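Work through the exercises below with the sequence and the coordinates side by side, and try each task before reading its solution.

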Amino acid sequence: MNTRVLVILSLFAAIGAVLSMVMPPFFGGMKPDMMLTMMFIGIIMFPAIKNVALLGIVTGFLSALTSAFPGGFVPNIIDKVVTAFVFFGLVLAVKKIAQKVATATVLTVIGTIVSGTVFLTAASLIVGLPGGAAFTTLFVTVVLPATLLNGAAMIIILPIVQAIFKRSRIITVA
């Protein structure tokens, strides 16, 4: 693996972890996962299977370690790995236009919904939902606001990352 790409992907994961930690909580102390946006940017900028696997595992563990969700360690890992590969498949399906802000935003919205669904399903099956909360309640109060927030974040962050890459002449695989 290219060291430069590895360093950039590590920075994306670290920035995502910091953003996730400073994000204010919503319903019942649950917070949207801003690490997803940074993982998605990493996949869009460097769409290779080894990068996707690395990002999925790393962001899964970082999310698991910083999760406020009761019993959310394992569901976070499952969620990020599955979501990374689903998102990668979506990026490959629209490879020629994946780096356009509008396309990336739509993919982020879809990816966040996939992530929330996988996380809540895994949490429900592995540890049960906290306080008897229903899947639908958590989906509407946590996943949907996170979807909007991640879409807005992609609109803001992706052009900045692309400008930095262009100025520094970092070549992407796409």
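The model is a predicted one.

**Exercise 1. Overall architecture**

Determine which elements the chain contains, in what order they run, and how its radius of gyration stands against the globule rule.

Solution. Begin with the count of elements, which gives six helices and zero strands, so that, under the DSSP assignment, the order from the N terminus reads α-α-α-α-α-α. Next take the radius of gyration, which is 15 Å and close to the 16 Å given by the globule rule for 174 residues, so the chain is as compact as a globular protein of that length. Along the principal axes, the C-alpha atoms fill a box of roughly 50 × 30 × 30 Å.

**Exercise 2. Helix H2 against helix H6**

Classify the packing of H2 (residues 35–45) on H6 (residues 135–168), and describe the residues that make the contact.

Solution. Two packed helices are described by the angle between their axes and the distance between the axes. The axes of H2 and H6 come within 10 Å and cross at roughly 45°, which makes H2 oblique to H6. The crossing of H2 and H6 is right-handed. On the H2 side the contact includes Leu36, Phe40 and Ile44, while on the H6 side Asn150, Ala153 and Met154 are among the residues taking part. Sorted by class, this contact of H2 with H6 has twelve nonpolar, three polar and no charged residues.

**Exercise 3. Helix H5 and its two partners**

Compare how H5 (residues 101–126) packs with H2 and with H4 (residues 73–93).

Solution. Consider H2 and H5 to begin with: their axes are 10 Å apart and the packing angle is about 125°, and the two helices are therefore oblique to each other. Their crossing is right-handed, and the contact is made by Leu36, Phe40 and Ile44 of H2 with Ala104, Thr108, Gly111, Thr112 and Ser115 of H5. By class, that contact has four nonpolar, four polar and no charged residues.

Now consider H4 and H5, whose axes come within 8 Å and cross at roughly 150°. Because angles over 145 degrees count as roughly antiparallel, H4 is classed as roughly antiparallel to H5. H4 passes H5 in a right-handed crossing, and the residues of this contact divide into 16 nonpolar, five polar and two charged.

**Exercise 4. Two residues in context**

Which residues do Thr108 and Leu36 touch, leaving aside those up to four places away in sequence, and is each of the two buried or exposed?

Solution. Thr108 lies in helix H5 and, at 0% relative accessibility, counts as buried. Its contacts beyond four places in sequence are with Phe40, Phe87, Asn150, Gly151 and Met154.

Leu36 lies in helix H2 and also counts as buried, at 2% relative accessibility. With the sequence limit applied again, Leu36 touches Lys80, Thr83, Thr112, Ser115 and Asn150.

Terms used: Residues are numbered from 1 along each chain as its sequence is written. This is a predicted model: local features need pLDDT of at least 70, side-chain atom pairs count only at pLDDT 80 or more; totals for chains, interfaces and linings use all residues. Side-chain values use heavy atoms; hydrogens and water are left out. Axes are lines fitted to C-alpha atoms, for helices over the stretch in contact, and angles run from 0 to 180 degrees between N-to-C directions. Helices (H or I, at least four residues) and strands (E, at least two) are DSSP runs, numbered from the N terminus. Angles under 35 degrees count as roughly parallel, over 145 as roughly antiparallel, 65 to 115 as roughly perpendicular and the rest as oblique. A crossing is left-handed if the near helix is turned anticlockwise from the far one by less than a right angle, and right-handed if clockwise. Contact means heavy atoms within 4.5 Å. Ala, Val, Leu, Ile, Met, Phe, Trp, Tyr, Cys and Pro count as nonpolar, Asp, Glu, Lys and Arg as charged, and the others, Gly among them, as polar. The radius of gyration is taken over C-alpha atoms; the globule rule is 2.2 Å times the number of residues to the power 0.38. Buried means under 20% relative accessible area, exposed over 50%, partly exposed in between (1.4 Å probe, protein chains only).
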